[in-house]
Amino acid sequence: MRKFLKTFITSFLAFALLLTGIPLAGATAATGIEDLVIDLNVPQVTREVKDSKLDLNALHVYEDGRFMLASENLKWQSSNKNVASVSKDGEVTLSGHNGTTFISVSDGSNSDRISIQFKGNQDKIFVEKEKGTRYDLIGNAIEHMTMEEKVGQMLMPDFRNWNGKNVTEMNAEIAQLVKDYHLGGVILFRENTVTADQTTKLVSAYQEAAEKYGLMISIDQEGGIVTRLQTGTDMPGNMALGATRSEELAEKVGRTIGEELNALGINMNFGPVLDVNNNPDNPVIGVRSFSEDPELVGKLGNAYIKGLHETGTAATAKHFPGHGDTAVDSHVGLPAVPHDLDRLKKVELYPFQQAMDAGIDAIMSAHVTFPKIDDTKVISKKPGVGEVALPGTLSKEILTGLIREDMGFKGVIFTDAMNMAAIAEHFGSVDAAIRAVDAGADVLLMPVGIQEVAKGLYDSVNSGKISEDRLEQSVERILTLKLNRGIVKAEVEKSLDEKVANALQVVGSPEHKAIEKEAAAKSITLVKNEAVLPLNVSPEDKIVVVGGSGFSINLLTAEVQKHHPSAIYINASGSLNATQLAQVQDAKYIIVGTYTSSVGGRAQDASQMVMTRQLIETGVPVIAVGARNPYDIMSYTDVDAYLVQYGFRPASFEAAANTIFGKNNPTGKLPVTIYNHDGSVLYSFDHGIGY
């Protein structure tokens, strides 16, 4: 009888809701609704007031434990409009008057409220959450999940290619994998993000494929050399921001990136990089780092994070505990950082602690060994290798002991890509996944073989090797992040046309392009100037630009030609032949662009360095532009002028050319020390000259 009554009530409710206009499409839509909850009443959810405004969302809670964004037939009210008003979409606007108001929402059958108090004498806003088991949305969701669904929340694969073609639109096979393995998220790459409208459609299709919970759609949109979107703005990278010394600008860049990602439906950025680049020989971090100075990294990192968060985009600090002082790329090998914990806390860990204290959503681990923290050795699966040290990604001492217990981080821990050689070659995909989860990782990024890894984790839980309680700890953190960043499926989504129209308006907007130009201009660092710059030339003066088109130096030529249309370009990245040398002999000035990313690239006998010294030996004044790493001048110290732009994006070449011709007064300061080949200091941290 009780079962019949429940079925009758549910059916009647569905019929009534249908009459009121709430659609029944989507995740079994309106049937089975048990409650209506304001998201900020959920204990794990936090929300900041910005410009006297606070966004609230109404969530429908269903019988099967899931929650969805309630979209229609909601009535929001404020009990005291002198204190705050509330829009039909749940946006609360505080008036600035002292007092308390209750903000309530109703769908006609269920209702909820939350208390907001403003105390002007303290200039503080107090939010008092309602109490009760009805607000344990996350615990209730986890209780209703199968073990396979819990594992699925912890998996974030990439679908860069499918059957040899770049994935730029959803296909039935990928949609089925999202469903079958209950995936918690996916990561996108440049192959997936061609245009704003195409990317918006792809992201929307991913969310549609998810059955119960919104997907974390992530991307490595750091800015600079790691820019995955093929559309929109190409922000200068972290070291360029480090050269500006501007927290305000770092926040603007983070906000701009977040606004563009948000418009596309991408809700998580794997940035900023918080590695302290105190090793100039680092082959993988380099200009992806803000600086060699931990305090500067921390300040600019937090400003960038604040900008991302203001747009509702989740931020991720990487690569914990620090990849800056390594000379091996973990994509191809297993690097080691030999420092003890005291040193790590002063340098490598400092920016991460600052980000954790400021409320960063997630931390990404590094495939780097830290023998002074964890000296565990394991037998490598790579033939002939023998024992290897356990990397941070697989270390319980680091992920649980250091991040959770010592540093107090409560957010989500992501692994770095599990397909990188440092992990895949030595541990195998399934064993590495099990080790990472056991160590404390919440999300496995890019596991190799989604089916095999999922089955391996199922077997580990069923055998008792990994407890289901351990899975639930991770799922609680993941769902907390999703609620805090609004990654929740809606009962009624915006139309695809509306999403696309918004993306086309936001991505690459004139306002964003202006910030891109500002960041590039303020980053240019003039390191050396023997009374050559700014150039003062007449139309008949000959200027030659030299550098490899493979290093984008042809972009520098195009920018130079905006100032001096007759400038000649010589495409070369190695020793110049007699014909090329003859072309520069009667030049008034030579501008040479060098691009290096490794120790070998800037060695004395490296091809670009030899070429640049050839140009200096002609006796014609030479202006060199370091198009990526700032260290190039160590191999051509006799150059007449040298400036650094920290990246190869168009805005940086434009800023460099503007500086050469005096249209931009250089204000950048070196965020790192430039050394001679003998280890002595050539140019110190904070060096930089202007006009």
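Visitor: What stands opposite Ile591?

Guide: In this predicted model, Ile591 stands opposite Ile623, a residue of strand 27.

Visitor: What makes strand 26 and strand 27 a pair?

Guide: Pairing asks for at least two bridges between two strands, and 5 bridges join strand 26 (residues 589–594) to strand 27 (residues 622–626), so the two count as paired; they run parallel.

Visitor: Which helix packs on the sheet there?

Guide: Helix 20 (residues 607–617) does, touching strand 24 (543–547), strand 26 and strand 27, and its direction makes about 170° with that of strand 26.

Visitor: What is the strand order in that open sheet, and why are strand 23 and strand 25 called edge strands?

Guide: The sheet has 6 strands in the order 23-28-27-26-24-25, with mixed pairing; strand 23 (525–529) and strand 25 (568–571) are its edge strands, each pairing on one side only. Neighbouring strands of this sheet are turned against each other by 20° on average, with direction ignored.

Visitor: Turning to another residue, why is His319 called buried?

Guide: Buried means under 20% relative accessible area, and His319 has 4%, so the term applies to this residue. His319 lies in strand 17 (residues 314–320), and, not counting residues up to four places away in sequence, touches residues including Val273, Ile285, Phe352 and Met364.

Visitor: How do you know that His319 and Asp275 make a polar contact?

Guide: The limit for such a pair of N or O atoms is within 3.5 Å, and the contact that joins the side chains of His319 and Asp275 is 2.7 Å, so the distance meets that limit.

How values were computed: Residues are numbered from 1 along each chain as its sequence is written. This is a predicted model: local features need pLDDT of at least 70, side-chain atom pairs count only at pLDDT 80 or more; totals for chains, interfaces and linings use all residues. Side-chain values use heavy atoms; hydrogens and water are left out. Helices (H or I, at least four residues) and strands (E, at least two) are DSSP runs, numbered from the N terminus. Buried means under 20% relative accessible area, exposed over 50%, partly exposed in between (1.4 Å probe, protein chains only). A polar contact is a pair of N or O atoms within 3.5 Å; within protein, one must be able to donate a hydrogen and the other to accept it, and residues adjacent in sequence count only if both atoms are side-chain atoms. Contact means heavy atoms within 4.5 Å. Axes are lines fitted to C-alpha atoms, for helices over the stretch in contact, and angles run from 0 to 180 degrees between N-to-C directions.
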